[in-house]
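User: Please take me through this model, and for each term you use, tell me what makes it apply.

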Amino acid sequence: MNFNAGPAALPLAALERAREELLDFEGSGMSIMEHSHRGKVYEKVHDEATSLVAELLGTPLDAWDVLFVQGGASTAFAQIPMNFLGPGATADFVVTGAWGEKAFAEARTVKAIGGGEPRVAASTKRDDKSYVRVPRQDELALTGEGAAYVHVTSNETIHGVEYALGPETPFPKVEAPLIVDMSSDILGRRVDAAQFDVIYAGAQKNIGPSGVTIVALKKEMTARGRRDIPTVFQYRTVAENRSLYNTPPTFGIYLVRNTLGWMKAEGGVDAIEARNRKKAKAIYDAIDGSGGFYRCPVEPACRSIMNVVWRLPTPELEEAFVKEAAAEAMIGLKGHRAVGGIRASIYNAAELSWCEALASFMNDFAKRRG
Ligand SMILES: *Cc1c(COP(=O)(O)O)cnc(C)c1O
């Protein structure tokens with residue numbers, strides 16, 4: 001039972017399909033990895049993966065460019081301001097955790113190159129440096145219509161803080177283009193893609209292996225990108241070449257295809273979301289029902305359904321918890337080194353039965369050690 005934060009569990013069906021196809025892809029006599037990225041055999045996989053992202057994410061290809069790039073979400077932290085934050089421009093960052101902090105910090109280094117000005121429109125960081133919620137709309141100090149873009153992180157993976165999209169926690173309403181880092185909750189639930197102008201995500205949490213990054217841009221956004229940065233960093237270049245400007249990570253994209261093919265066969269985003277909610281509920285119920293032995297620091301309205309974080313009364317108990325869970329075949333539960341505690345990452349491929357097993361282990365551990 002793999003609760004790793006990323007790279008993370010992949011659906012067994014996607015891996016089995018890869019095993020079946022590994023040595024002889026569709027009768028071609030070799031693996032997909034060995035095919036030219038310009039050949040017909042790979043091209044079909046590439047197009048299928050692109051279409052699956054577009055279909056499941058709700059970013060139809062007549063209005064959006066759906067790109068596969070490399071470098072992870074961290075590279076996008078730099079590449080987005082390079083493309084969209086030119087001299088004299090302003091971008092607003094809504095910071096709800098460590099990844100948003102990094103995106104902002106990287107935009108500041110880009111400032112030295114591009115001349116634009118990133119600013120923090122809101123941060124929910126507390127005095128003890130923790131994050132436990134997203135901001136309310138009335139807390140946002142936005143530049144407004146003139147801004148180049150507003151940047152948000154839909155799910156802060158380390159802190160388990162999500163725009164849960166309840167009445168108090170919708171995505172910010174903004175007058176400028178809205179860019180979202182969706183690395184850890186992309187396709188984990190239904191989200192109206194139309195409210196965004198750029199959606200990006202490393203694949204390794206919810207939709208594939210590491211090495212592939214998805215960037216979906218409304219076509220107006222692609223067109224707006226600067227032309228005075230290196231060609232290879234312009235999203236326009238990647239879009240004009242259908243993510244085949246240079247050699248893409250073909251095997252990673254192939255595995256994204258397998259993973260999204262599995263998702264579609266499971267019933268698509270709605271079915272996956274329903275299961276994800278059950279998974280998260282099983283664990284949150286174990287926390288809330290423990291009489292205070294387990295504590296989730298995140299405000300209930302912002303609790304992530306992808307990364308559930310909680311504390312035990314002492315670091316010693318947390319260490320024992322992780323160790324005993326591993327002995328029961330539950331791995332990856334240690335919280336991020338920056339925040340400590342426990343974290344269960346329960347992306348799309350994590351099974352409901354694992355979450356139920358974890359919840360029952362939690363109940364048992366609390367009884368024995370509480
Ligand atoms: C994991 C993660 C990142 C970093 O992704 P890389 O692909 O390792 O660069 C950025 N943002 C969020 C929200 C993440 O969860």
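Analyst: In this predicted model, a polar side-chain atom of Asp 181 lies 2.6 Å from a nitrogen atom of the ligand. The protein buries 87% of the 380 Å² that the ligand exposes when taken alone, with accessible areas from the Shrake-Rupley method and a 1.4 Å probe (for residues, only the protein chains shown count as cover). As the model is predicted, local features need pLDDT of at least 70 and side-chain atom pairs pLDDT 80 or more, while totals for chains, interfaces and linings use all residues. Residues are numbered from 1 along each chain as its sequence is written, and side-chain values use heavy atoms, with hydrogens and water left out.

User: Which residues come nearest to the ligand?

Analyst: Of the 13 residues around the ligand, these are Ser 74, Thr 157, Asp 181, Gln 204 and Lys 205, where near means that a heavy atom of the residue lies within 4 Å of the molecule or strand.

User: How do the residues of the shell divide into nonpolar, polar and charged?

Analyst: Three are nonpolar, eight polar and two charged; Ala, Val, Leu, Ile, Met, Phe, Trp, Tyr, Cys and Pro count as nonpolar, Asp, Glu, Lys and Arg as charged, and the others, Gly among them, as polar. Helix H3 gives the largest share of the shell, four residues.

User: What makes strands E2 and E4 a pair?

Analyst: Three bridges join E2 (residues 90–95) to E4 (residues 149–153), which run parallel, and Asp 92 stands opposite Val 150 in E4. Helices (H or I, at least four residues) and strands (E, at least two) are themselves DSSP runs, numbered from the N terminus.

User: Why do E1 and E3 count as edges?

Analyst: The open sheet has seven strands in the order E1-E9-E8-E7-E4-E2-E3, with mixed pairing. E1 (64–69) and E3 (117–123) each have a single partner strand, so one side of each is left without a neighbour in the sheet. The twist averages 20 degrees from one strand to the next.

User: What lies across E2, E3, E4 and E7?

Analyst: Helix H4 (residues 98–114) does, running at about 160 degrees to E3. Axes are lines fitted to C-alpha atoms, for helices over the stretch in contact, and angles run from 0 to 180 degrees between N-to-C directions, with contact meaning heavy atoms within 4.5 Å.

User: How do you know that Ser 130 and Asp 128 are joined by a polar contact?

Analyst: Their side chains are joined at 2.7 Å, and a polar contact is a pair of N or O atoms within 3.5 Å; within protein, one must be able to donate a hydrogen and the other to accept it, and residues adjacent in sequence count only if both atoms are side-chain atoms. Ser 130 is found in the loop between E3 and E4.

Technical notes. Two strands pair if DSSP finds at least two bridges between them.
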